[in-house]
Amino acid sequence: MGEVAVIQYPGSNCDLDALEILRDVLKARTDLVWHKDLAHDDYGAYVLPGGFSYGDYLRAGAIAATSPSLRIVKEAAEGGKPVLGICNGFQILVEAGLLPGAVLRNSTLRFVCAWTRLRVETTRTPFTNRAERGQVLEIPIAHNEGRYYLDKDQVPNLERNQQIVFRYVNEEREPTDDANPNGSVDNIAGICNQTGNVMGLMPHPERASLEVLSPDNQADGRVIFDSMIRALRGTGG
Amino acid sequence: MTTVQVQKPNLTDEEIRYAVKRLGREPNEVEWAMLEAQWSEHCSYKSSKPLLRLLPSKGPRVILGPGSDAGVIDVGNGWVVTLHIESHNHPSAIDPYGGAATGVGGVVRDILSLGTRPIALLDPLRFGSMISSHSRWLFDNVVRGIGSYGNCIGVPTVGGEVEFDTSFERNCLVDIVCLGLGRRDELVLGGPSRPGSLVYVVGGSTGRDGIQGASFASRTLTERSDSERSAVQVPNPFTKKLIIEAILEAVDEGIVQGMKDLGGGGLACGLSEMASKAGMGMEINLDSVRTRDPGMRPGEIMISESQERMIVVVKPKNEEKLTRILDKWELGYSRIGHLTKDGTLRIRHHNQVVAEAPAKFVAEAPLSPRSSRKPSYIDELADAPEPTIPEDLNATLLALLGSPNICSRAWIYRQYDFEVGLRTIIKPGQADSAVLRLPNSRTLAITTDGSSKQVYLDPYWGTVGILSEAFSNLVATGAEPIAVVDHLQYGDPGNPEVFWTFKEAIRAIRDYLKATRVPCVGGKVSFYNEDTQTRTAIKPSPLIAALGLRNARAPKIESALAKEGDDLLIVGATFPELGGSEYYESVQGLVGGRVPKVNLKTERQLLRAVTKIIESGVVEAAHDISKGGLAVSLAEMAIQGEKGFTLDLDKVPTKTTNIAHLLFSESKPRFILESRPRNTPRIMRRLRAARIKAAKIGRVQGSKIELESHEDPLITIPLSVAAEAWSKTLSKTMDSAT
């Protein structure tokens, strides 16, 4: 049994990418697990990869959120294990109620694929413990439905609880409208649950985990997986 | 509702006579429907086949050449790549979103048919003028269609190109190139199957969409074409994604004996081609085909082009393994028959034989000989008088940078996921080709090119120019060209003038590939791209998709200027070749003149020399000189690198003194290379040794685009102004217009 499970849903398409980075770059023992085969909480951490699970029918992530695998994921989350949702995985976690808010269609009404700058807003999570607060990571996005939404009056709560993990920022590290690629409330790119062990983000850290794939030759996304594996091993997971 | 026409099949009188004679009887309704689909130009290549055989298609890396679903190329260490190009022009002209999406689906199936994983898409596109709201509607929805399909199935769209020309107003050209990757020992080559092997249809069910799509694509569009939406298939990328994963799982298990995608012509084409290739027959029961409507007639089932379907052949002992995989992926499937010894394709429906004919007879249409005649316009247009040079060359360069044919493509590629798969090292907009990581530590460059404006003026040299540009794009990233596929798109082949331009393209591709010793591993022909409303055919539009291989140690070279103080070198000579150039067409409004010619004797040597130089790591940035000429290529490098330059035009190797020629001629092949001053002498020495015209013509400096001649500033533009002109055209036009 591996340390990490990358859960494969019908229509996942970044599953093999996450697997490659975890296995070959992070050297973590990682299994690709078909969602129906995940029957027990045997892993130390779970990754819900990007893609178009169930073709984004109904709403992005809505159908996968009803997969029995989410019962195991919830159990793991309640047990404090790291659960990471990337892009469609974020949408699934929101639809399953593991993370607050909603992820809506981009304000441009168009799909957008681009490299973005993310400012690390908290290092208390198992996904950012090796980063520095205020550090900027260059990581790409690719989505049609990535506009994070939460009622305006609830955002301060999220902020207070240190649940905002990443914001889209400009070159001056400021979360401006220009730097916001999809119209997310308060430039939010990634959030976590109250305890910090469940995180979802729209950007794809696995696509920024090899130097050769990054325009600036920096593997900025790796710190997220690095942190997760360290947290996992540190707690004996 | 479209129904099968019983009375008069859409075949020529000669074909009808041939069919009756070969079969020894009048074919019945179902058989006519099958023959009509399979013998359509779209499926049979009956006009083009003898000519296509002239193209060089052999080479040490070629495992499978033309005539299969895709070309297969050895890239070393047991890995192969597959390459194919398809168009979906007619469907996209009436339903741009669905037509373009199913175009992606079709070419992806071809790559999958060989047991290889689709890993990249490119989209060469052609539309009418952007001034036309109809063209903008087509453009917007084609891009959305390609994006929605490619993004969903997780295959990155890593490149493409787009050309706007009024000849595409009614007939837009939507082409999709797909690249696949696999293990050589896992290829599904559809080799000898055994009688008794089982035939499965996997994936979507069969409905009335796409009925007669192949014959629809083999006619000119008419004012009634809008009512033929039922000839356009309905896309379902989610099902396609499941098919990809399920099929590759079955291939991994080694249980797939043969595979064929169901595209143009549906089961009629898929089954007859498969049986004919295996030298066998098939016994098929249409009652087993999963249909969306129980009332579908046998002829309709046979020629439906419903999407997301594959034929898979397995041995009876592997049946359970196959169905277990398909059940896991929750895909529909049914066993519809088996292979037989007798070579006959026998179709049953409701316990009756509804069609019975030799598979080979169905699969191989009689050839249609075509006559050709050089169009008279060609010589007339070549002698166009030289127009006067505009006084304000700053405004001219800005107009060119903002021209829809030249401006930034970011509005398009930002709508495509170009990263998925973790292979895209050089991404859209960064260099002349996309560069992809291979599992064997080497990297692959891929590009696609067309130039309908130049091909229209000179079908031979225009086509040579496309190949030269495609190869230059590969070379500019340090790659060595290893294979091409072509796509030849024309009007009605029955028109001798149209057919002459087609023959010229074939001649050009043959000559160029022989000169450079690169094989053509596949391709596609699309005729009847014309409509009766405007009574015009499209400009002849051959396209090339080219593949290059890079050494493991080749540096990542982009086209953005890199460092203040670097030298700028030009490689290749400049001639007065402005025919079909963006300067003539969009600034001067002139359709005419001489198009660029390429020296076929020196082409291979020049390209190799530049590849070697770039590979050796002494070049900081590289860009080929193409649309808009020298001035535009340099401006693009400056805008991308956010660095200015100064340039002395008097140093450009040329015999012309005409400033417009120097600035805007599209002679090829030419390159701009940026080098550290200490490396410049070395590069120049190597170029001189290879007898290649080259010169140091400028330097990276400041924040302006500055071109001078005889110490007179000809063009001085602040970078920010140039960037504004170049980067905003598409987004402004497409996102503000309704």
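Predicted model: local features only at pLDDT ≥ 70, side-chain atom pairs only at ≥ 80, totals over all residues.
User: Why is helix 18 of chain B called roughly parallel to helix 21 of chain B?

Analyst: Helix 18 (residues 459–475) and helix 21 (residues 603–615) of chain B pack at an angle of about 20°, with their axes 9 Å apart. Angles under 35 degrees count as roughly parallel, so helix 18 of chain B is roughly parallel to helix 21 of chain B.

User: Is their crossing left-handed or right-handed?

Analyst: The crossing of helix 18 of chain B and helix 21 of chain B is right-handed.

User: What makes B:K49 partly exposed?

Analyst: B:K49, in helix 4 (residues 49–52) of chain B, has 16 other C-beta atoms within 10 Å. A buried residue needs 20 or more and an exposed one 12 or fewer, so with 16 B:K49 is partly exposed.

User: How far apart in space are B:K49 and B:V525?

Analyst: They are 9.5 Å apart, C-alpha to C-alpha, while 476 residues apart in sequence.

User: And how many residues does each chain give to the contact between chain A and chain B?

Analyst: Chain A gives 22 residues and chain B gives 22 residues. On the side of chain A that touches chain B, the largest share, 3 residues, comes from strand 6 of chain A. The residues of that side divide into 13 nonpolar, 5 polar and 4 charged.

Terms used: Residues numbered from 1 in each chain as written. Chains lettered and ligands numbered in written order. Contact = placed C-beta atoms within 7 Å. Helix = DSSP H or I, 4+ residues; strand = E, 2+ residues; numbered from the N terminus. Nonpolar A, V, L, I, M, F, W, Y, C, P; charged D, E, K, R; others polar. Axes fitted to C-alpha atoms, helices over the stretch in contact; angles between N-to-C directions. Parallel < 35°, antiparallel > 145°, perpendicular 65-115°, else oblique. Left-handed = near helix turned anticlockwise from the far one by under 90°.
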